Amino acid sequence: MEKIGEKFQVKIKSLKGEDKLINILEAFEEMGLSVAQARASCQDTFVMEAIFVSQSKAKLWSVYGMTDTLVRALYPL
């Protein structure tokens, strides 16, 4: 994940599994993020690239905080 101006770019590669895309999109929503552009594939593995922006200027996210949230969305306990 990297920050590009006020946008964030994320690239995810994971083993295929149920609800990966749903969990990621729910995590974006919980963080108050809007997906500006996304591309996903799940042929051999789950792969997603997305650019997203914060819906609120009041809540600022760090790359570390976002990465941690997405990892928890991909691999829930």
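Which residues of helix 1 are buried? In helix 1, the buried residues are Lys20, Ile24, Ala27 and Phe28, where buried means under 20% relative accessible area, exposed means over 50% and partly exposed lies in between (1.4 Å probe, protein chains only).

## Basis of the description

This is a predicted model, in which local features need pLDDT of at least 70 and side-chain atom pairs count only at pLDDT 80 or more, while totals for chains, interfaces and linings use all residues. Residues are numbered from 1 along each chain as its sequence is written, and side-chain values use heavy atoms, with hydrogens and water left out. Helices (H or I, at least four residues) and strands (E, at least two) are DSSP runs, numbered from the N terminus.

Seen down the axis of helix 1, the buried residues fall within an arc of 100 degrees, so they line one face of the helix; the arc is that of the directions from the helix axis to the C-beta atoms. An α-helix has 3.6 residues a turn, so residues three or four places apart point the same way. The buried residues of helix 1 pack against strand 2, strand 3 (33-41), strand 4 and helix 2, with contact taken as heavy atoms within 4.5 Å.

On the other side of helix 1, Glu29 and Glu30 are exposed. Ile22, also found in helix 1, is partly exposed, with a relative accessible area of 45%. The C-alpha atoms of Ile22 and Leu74 lie 9.6 Å apart in space, although the two residues are 52 residues apart in sequence. Just after helix 1, Gly32 takes a positive phi of about 75 degrees.

## Packing of helix 1 on helix 2

Helix 1 and helix 2 (residues 63-74) pack with their axes 8 Å apart and at an angle of about 145 degrees; the axes are lines fitted to C-alpha atoms, for helices over the stretch in contact, and the angles run from 0 to 180 degrees between N-to-C directions. Helix 1 passes helix 2 in a right-handed crossing, a crossing being right-handed if the near helix is turned clockwise from the far one by less than a right angle, and left-handed if anticlockwise.

On the helix 1 side, Lys20, Asn23, Ile24, Ala27 and Phe28 take part, and these meet Thr69, Leu70, Ala73 and Leu74 in helix 2. The residues of this contact divide into six nonpolar, two polar and one charged, where Ala, Val, Leu, Ile, Met, Phe, Trp, Tyr, Cys and Pro count as nonpolar, Asp, Glu, Lys and Arg as charged, and the others, Gly among them, as polar.

The structure holds two aromatic pairs; rings of Phe, Tyr and Trp (its six-membered ring) pair if their centres lie within 6.5 Å, and planes under 30 degrees apart count as stacked, over 60 as edge-to-face and the rest as tilted. Phe8 and Phe52 form a stacked pair, at 5.9 Å centre to centre and with 15 degrees between the planes. This pair links distant parts of the chain, since Phe8 is in strand 2 (residues 7-14) and Phe52 in strand 4 (residues 46-54), 44 residues apart. Phe8 is buried, with a relative accessible area of 4%, and Phe52 counts as buried at 0% relative accessibility.

Phe28 and Phe52 form a tilted pair, at 4.5 Å centre to centre and with 35 degrees between the planes. This pair, too, links distant parts of the chain, with Phe28 in helix 1 (residues 20-30) and Phe52 in strand 4, 24 residues apart.

## Two loop positions

Gly5 lies in the loop between strand 1 (2-4) and strand 2 and is exposed, with a relative accessible area of 58%. Ser56 lies in the loop between strand 4 and helix 2 and counts as partly exposed at 33% relative accessibility.
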